[in-house]
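Please keep the sequence and the structure at hand while reading.

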Amino acid sequence: MEEKYRVAGYVKLAKLWERTGEEAICYHHGYFRSKYEGNEKMQLVDVYVDITGQKETRKRPEMVRLLADCLKDKINCISTQTKAYLAANNREFFYLLHFLFSRKPETEIVTEDKNYHINTIENHENQREALRSMVADYVKLNPADYSDWEMQLMREINKIHE
């Protein structure tokens, strides 16, 4: 039997959700549980919900915890309703994907976006390779900036292990 993908559900909500944070967190846990319940290829491992106004990946505690779990090979697929939950801007999005794709094994990404749906597992039209190439080209524009971004992120990840 083939091993199931170990899935993390991820959501980033705006700071205005803080007042009803527990309710929102419960909702998203239920959403991802029902989405993957009975799925033969994917097993939900955990749900990570950030409620913050922070745009930087390293400043979102649940994203940092999720990435730490990816590095520990606890998670090998990130599922999110929209790619906008993954990153607030192109720089953060491309750097995050570069970070995930440069580790072995690579972490898969699945989104539910209507127009720009990402699914590196099914890899329609070589989407994984196209994303990898686009991300590499972006990082090549300023490799020192990416190195600094990764170093700051790793500092936050290492704090979890302390």
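Setting aside residues up to four places away in sequence, Glu92 touches Lys55, Glu56, Thr57, Ala87 and Trp149, where contact means heavy atoms within 4.5 Å. The model is a predicted one, in which local features need pLDDT of at least 70 and side-chain atom pairs count only at pLDDT 80 or more, while totals for chains, interfaces and linings use all residues. Residues are numbered from 1 along each chain as its sequence is written, and side-chain values use heavy atoms, with hydrogens and water left out.

**Glu92**
- Glu92 is found in helix α4, with helices (H or I, at least four residues) and strands (E, at least two) taken as DSSP runs numbered from the N terminus.
- With a relative accessible area of 2%, Glu92 is buried; buried means under 20% relative accessible area, exposed over 50%, and partly exposed in between, for a 1.4 Å probe and protein chains only.
- The side chain of Glu92 makes a polar contact with the side chain of Thr57 at 2.6 Å, a polar contact being a pair of N or O atoms within 3.5 Å of which, within protein, one must be able to donate a hydrogen and the other to accept it, and residues adjacent in sequence count only if both atoms are side-chain atoms.

**Ile109**
- Ile109 lies in strand β4, residues 108-111, and counts as buried at 1% relative accessibility.
- Leaving aside neighbours within four places in sequence, Ile109 is in contact with Ile78, Leu86, Leu97, Leu100, Phe101, Ile118, Asn119 and Thr120.
- The C-alpha atoms of Ile109 and His124, 15 residues apart along the chain, are separated by 13 Å.

**Cysteines**
- With a disulfide taken as a pair of cysteine sulfur atoms within 2.5 Å, the count comes to zero disulfides.
- The closest cysteine sulfur to that of Cys70 is in Cys77, 9.2 Å away, which is too far for a bond.
- Both residues are buried, Cys70 with a relative accessible area of 11% and Cys77 with one of 0%.

**Second largest pocket**
- About 180 Å³ of space lies in the second largest pocket, and the residues that line this pocket include Lys83, Phe93, Tyr116, Gln127 and Met134.
- A pocket is an open set of points on a 1 Å grid over the protein atoms alone, where a 1.4 Å probe fits, with protein on both sides within 12 Å along at least five of seven lines; lining residues have an atom within 4 Å of a point.
- Helix α5 gives the most to the lining of this pocket, with four residues.

Note on methods
Points joined across faces, edges and corners; volume = space filled by probe spheres on them.
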